[in-house]
Amino acid sequence: MNKKFAVISLTGALLLGGAVAAGAADTNGKGSNGSKKEAAQDMITVEEAKKIALSEAEGRVESIELERANGKQYYEIDIENGKEDFDIKVHALDGEVISINKERNDDNDDDQSEKEVNRENVISEQKAIEIAEKEVNGTMKEIEIDEDDGQILYEVELQTNKGEADVDIDAETGKVLKVELDD
């Protein structure tokens with residue numbers, strides 16, 4: 001009889017503990033019905049994150065990455081202005097600036113050719129993301145604008161259900177130049 005009581009008590013305690021742990025793990029306030037799609041709809045856009053970062057530091061956006069740490073998503077935006085490099089983290093849901101790291105720019109790169117390229121006629125990062133996501137049916141992880149032999153292009157890294165994909169897009173025309181699928 002004592003053994004039966006002990007087993008029943010232990011089972012009850014485990015079930016209760018599991019229910020408490022499951023309730024505590026639901027920190028997003030959406031309950032178990034919340035989905036990743038709902039969370040994605042609540043996120044600020046890449047353009048909004050870029051605007052927030054540029055309000056904190058002057059320069060040219062080098063790259064924007066969507067990151068996740070401790071269950072929270074944020075945009076990591078790299079800005080360069082010739083003298084300094086900024087790494088700005090912006091919360092993906094509410095646009096709050098999480099951190100700003102500033103470093104002296106010690107690159108020995110010759111950025112002169114980049115300055116000569118006309119950046120007025122380029123499509124937005126958001127448009128490039130839409131093109132890339134449609135091309136490979138994935139979700140953006142990172143976007144970077146780059147100049148190669150006088151041509152400006154967006155390099156977009158995406159997560160697909162089959163792995164990662166890299167899509168290069170002409171930043172002026174929006175034409176997909178290259179798709180690389182990583183298995």
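Modeller: Let's start with lysine 102, which counts as exposed at 54% relative accessibility. The cut-offs are simple: buried is under 20% relative accessible area, exposed is over 50%, and partly exposed is in between, with a 1.4 Å probe and protein chains only. Before we go on: this is a predicted model, so local features need pLDDT of at least 70 and side-chain atom pairs count only at pLDDT 80 or more, while totals for chains, interfaces and linings use all residues. Residues are numbered from 1 along each chain as its sequence is written, and side-chain values use heavy atoms, with hydrogens and water left out.

Biologist: Which residue forms a salt bridge with lysine 102?

Modeller: General idea first: side chains of opposite charge can pair when their charged atoms come close. Here the cut-off is a side-chain nitrogen of Lys or Arg within 4 Å of a carboxyl oxygen of Asp or Glu. The partner of lysine 102 is glutamate 84, with 3.6 Å between the closest N and O atoms. Lysine 102 sits in strand β4 (residues 97–104) and glutamate 84 in strand β3, so the pair ties together parts 18 residues apart in sequence. Strands (E, at least two residues) and helices (H or I, at least four) are DSSP runs, numbered from the N terminus. Glutamate 84 is partly exposed, at 26% relative accessible area.

Biologist: How many salt bridges does the structure hold?

Modeller: Eight. One of them joins the side chains of lysine 141 and glutamate 164, at 2.6 Å from N to O. Lysine 141 is in strand β5 and glutamate 164 in strand β7, so that pair ties together parts 23 residues apart in sequence. Lysine 141 is partly exposed at 27%, and glutamate 164 is partly exposed at 28%. Glutamate 180 and lysine 178 also meet in a salt bridge, at 3.4 Å from N to O. There's a network too: salt bridges that share partners join Arg60, Glu62 and Glu80.

Biologist: On to the sheet. In what order do the eight strands come?

Modeller: Two strands pair if DSSP finds at least two bridges between them. Follow that and you get an open sheet in the order β4-β3-β2-β1-β5-β6-β7-β8, with antiparallel pairing. β4 and β8 (176–182) stand at the edges with a single partner strand each, so one side of each has no neighbour in the sheet. Neighbouring strands are turned by 15° against each other on average, direction ignored.

Biologist: What joins β6 to β7?

Modeller: A hairpin, through two residues. Those strands run antiparallel and share eight bridges, and leucine 153 has aspartate 170 in β7 as its bridge partner. β5 and β6 pair over nine bridges, also antiparallel. They form a hairpin with two residues between them, and aspartate 149 in that turn has a positive phi of about 55°.

Biologist: Which residues of helix α3 are buried?

Modeller: An α-helix has 3.6 residues a turn, so residues three or four places apart point the same way. In α3 (residues 46–56) the buried ones are Val46, Ala49 and Ala53. They cover an arc of only 65° around the axis (taken from the directions from the helix axis to the C-beta atoms), which puts them on the same side of α3. The face turned away from the buried side carries the exposed residues Lys51 and Ser55. The buried residues pack against β1 (60–69), β2 (72–80), β3 (84–91), α5 (125–136) and β5 (139–148), where contact means heavy atoms within 4.5 Å.

Biologist: Which residues have the most contacts inside the largest nonpolar core?

Modeller: A nonpolar core is a set of buried Ala, Val, Leu, Ile, Met, Phe, Trp, Tyr and Cys residues joined through side-chain atoms within 4.5 Å. The largest one has 33 residues, and Tyr75, Ile77, Tyr154 and Ile169 have the most contacts inside it. Several elements each supply at least two residues, among them α3, β6 (151–160) and β7 (163–170). α5 gives the most, with five.

How values were computed:
Axes fitted to C-alpha atoms, helices over the stretch in contact; angles between N-to-C directions.
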